[in-house]
Amino acid sequence: MNQYLAITSRGLENLLAEELEQFGAQSIQVVHAGVRFKADQSTAYRCCLWTRISSRIIQVLSEFTVRDDMDLYLGAAAINWTEYFSNATRIVVDFNGTNREIRNSQYGAMKVKDAIVDRFTKADLRRPNIDRDQPDLRIHMRLSGEKGVLGLDMAGSGLHQRGYRTEAGRAPLRETHAAALVLKSGWTPGQPLLDPMCGSGTLLIEAAMMAADIAPGLKRKRWGFESIKDFDKEAWLEIHAEASVKARRGPAKVQTKFFGFELEHRVLAIARDNAGRAGVKELINFQQGDATELKAPEGYDAGIVICNPPYGERLGTTPELISLYTELGNRLKLAFAGSSASIYSGSNELLSCLRMRADKQFKLPNGALDCVLKTYLITAGSVKKEEGEVEGHVEQENVAPDFANRLKKNITKLNKWAKKEGIDCYRIYDADLPNYNAAIDKYNDYLIIQEYAAPKTVPEEIARRRIMDVLRATIEVTGVQTDKVILKVRERQKGKNQYQKLSNAERHIIVNEYGVDLKVNLYDYLDTGLFLDHRITRKMLGDMAKGKDFLNLFAYTGSASVHAACGGAKSTTTIDMSNTYLGWAQENMELNNQVGDQHEFIQADCLQWLQEVDDTFDLIFIDPPTFSNSKRMKQTFDIQRDHIMLMENLKRMLRTDGKIVFSNNKRQFKMDLEKLNELGLDAKNISDKTLPMDFAKNKHIHNCWIITHKEG
């Protein structure tokens, strides 16, 4: 008997051990991410052909201590490789793991390869060829700390490669992992099985192959063990022939009903083709359908619902996924009472949106992703039916009630105010409650939820759950479509973050503010192109600008210039360091029919431009960053330290009766009135008058001053 190591995913070791025992494996020992066992050749072949869970089966040739590369070389060289395969065999070395001395798997593989070929050359034999693309035999080296395990890969490639899947949907499960999920779900042949988001059909196909007694490795064309010298061809052909007979006869005996729903016709076609190649196409009823409108199909009786819904790696996908999971939970409770559901996801927060209590759960990583399989018993008591309704409705869970109540009150108050003011964009929640540290802005019928980074004292899991509660409650309270909810995370840092690129969605909408049309981008940047807390300041500039030459510094997307132009400014000069935002400013002007040579746009470092230009203006608006160390600027800038330097330059450019409107968002900013007086300038603090009602709770971020020449 030989020693073998069957490799699997973490969490599946015991399931694999049970499977191998059924095949006749002996001396079974569960190890980390694998199972050790002993078997004769026939049993080893049977394990390779029939295992549904193991990703590789390795015939262990040696185990040795590996402290450094010399130990590795000597341990590999101690094996008489010529006993196991000939020099005509094309080989490749797979090396998994590192330790303190061997930090690179490619280097480790090279040392093992050197030891192997040296054994052949020392025996006066031609060295075997290395073939990374189509080897006859794979040598497997596994290193964990100082323990090395070296052997032969019995299959030659991953056992998940069943041969039936040539195309897959998005983020497909490996076949071995899918089979494990089916087994962990508690499903047994005879029970109906339904996947409401079947994708390329892997879960259903694996289950159908179990029901039909089809060996998962039957379609493989090549096996690594065929290149080992002691290969028992007669025994293998007998085992393979037995499996072939079962595969031919099995499907006709299956009484189990399988149902798969998929929204995309293209992916559904792939699922049908995969099932056909697997020999189970006639067993699975594939239909086009939306999981959020799921109903029990005709012929389905109480059974198992299983699925692997998307769980998203980017926060931006979360609002739509919340809706997906919520609706899926609703449909399960409405239409599948008496069944059980097994849902596999990488997000506990999204699973909570199902609004069902898990009966069991298993931590089952999917590669590097931490995922969990939760099973739910769906009882009739989870559904409340209205009189006269066929399906009824599901009682709504009261998510984050304190937050939801506050949001309702804010919306009732602010919607009326915004309509009266004539504005499309405003803040409806601004971290009102300490446990729900987010801001929510309304842009027409879109909502932007900005999560403020939680303090380090708040565990990441709790912070994540809270923002999920904010999302769920906001969607429920407002009724907004989930594809119109955008989630962003705003880190606590100095300066403005409007130049931080988040995506390339290039989706814009037009909003109106006091009669001025402005383009905003809700997706691609942390900020949208419009600072809502400056709304009153912009309106004031429009009222002040008639007949004036207007200068806008650090102009961003030029919204202040648009207000000034629409207010009747004689000319506008808009300056920013970014060509992207200057182009955006020009588009904003064109939206309002403000075109012509009187409107100038200059790409420049504003600090340098101020020192070099002698033009003068009647009205100057400057809204500099709190801090900047941009590589494109010739110097760092700090608003508290450098605001007097700004005023020195602006005084030179300000006409006798002119005015400077100076704003910034530094908390606790203090105007140096003494030095300003020495410059011959007066300052009037208008922060309270220019702070909009929807930002009243956050006074510290808004500073606004009118600065003029001193009289006399």
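**Note on the predicted model**

1. T537 lies in helix 13 (residues 535-544). Helices (H or I, at least four residues) and strands (E, at least two) are DSSP runs, numbered from the N terminus. This is a predicted model, in which local features need pLDDT of at least 70, side-chain atom pairs count only at pLDDT 80 or more, and totals for chains, interfaces and linings use all residues. Residues are numbered from 1 along each chain as its sequence is written, and side-chain values use heavy atoms, with hydrogens and water left out.

2. T537 counts as buried because its relative accessibility is 1%. Buried means under 20% relative accessible area, exposed over 50%, partly exposed in between (1.4 Å probe, protein chains only). Setting aside neighbours within four places in sequence, T537 is in contact with F621, V661, T690, H702 and C704. Contact means heavy atoms within 4.5 Å.

3. A salt bridge is a side-chain nitrogen of Lys or Arg within 4 Å of a carboxyl oxygen of Asp or Glu. D543 and K539 are 4 residues apart in helix 13, so about one helical turn separates them. D543 is exposed, at 57% relative accessible area. K539 is partly exposed, at 34%.

4. The whole structure has 26 salt bridges. One of them joins the side chains of R427 and D430 (3.3 Å, N to O). R427 and D430 are both buried. R90, D131, D136 and R222 are linked in a network of salt bridges.

5. K484 and D445 form a salt bridge, their closest N and O atoms being 2.7 Å apart. K484 lies in the loop between helix 12 (460-478) and strand 18 (485-490), and D445 in the loop between strand 16 (438-443) and strand 17 (446-452), so the pair ties together parts that are 39 residues apart in sequence. K484 counts as buried at 19% relative accessibility. D445 counts as partly exposed at 41%.

6. Helix 5 (residues 175-184) is mostly covered, with 8 of its 10 residues buried. Among the buried residues are E175, H177 and L181. The cover includes helix 1 (13-22), helix 6 (202-211), strand 11 (304-307), strand 12 (340-345) and strand 14 (372-377). After helix 5 comes G186, with a positive phi near 90°.

7. K374 lies in strand 14. K374 counts as buried because its relative accessibility is 14%. K374 and K184 are 190 residues apart in sequence, yet 9.6 Å apart in space, C-alpha to C-alpha. Leaving aside neighbours within four places in sequence, the contacts of K374 include A341, S342, I343 and N348.

8. Two backbone angles deserve a look. Most residues other than glycine have a negative phi. Y514 is not a glycine, but has a positive phi of about 55°. Y514 sits in the loop between strand 19 (508-513) and strand 20 (516-521). Y514 is buried, at 19% relative accessible area. Q668, also not a glycine, has a positive phi of about 60°. Q668 lies in the loop between strand 27 (654-664) and helix 18 (673-678). Q668 is exposed, at 54%.
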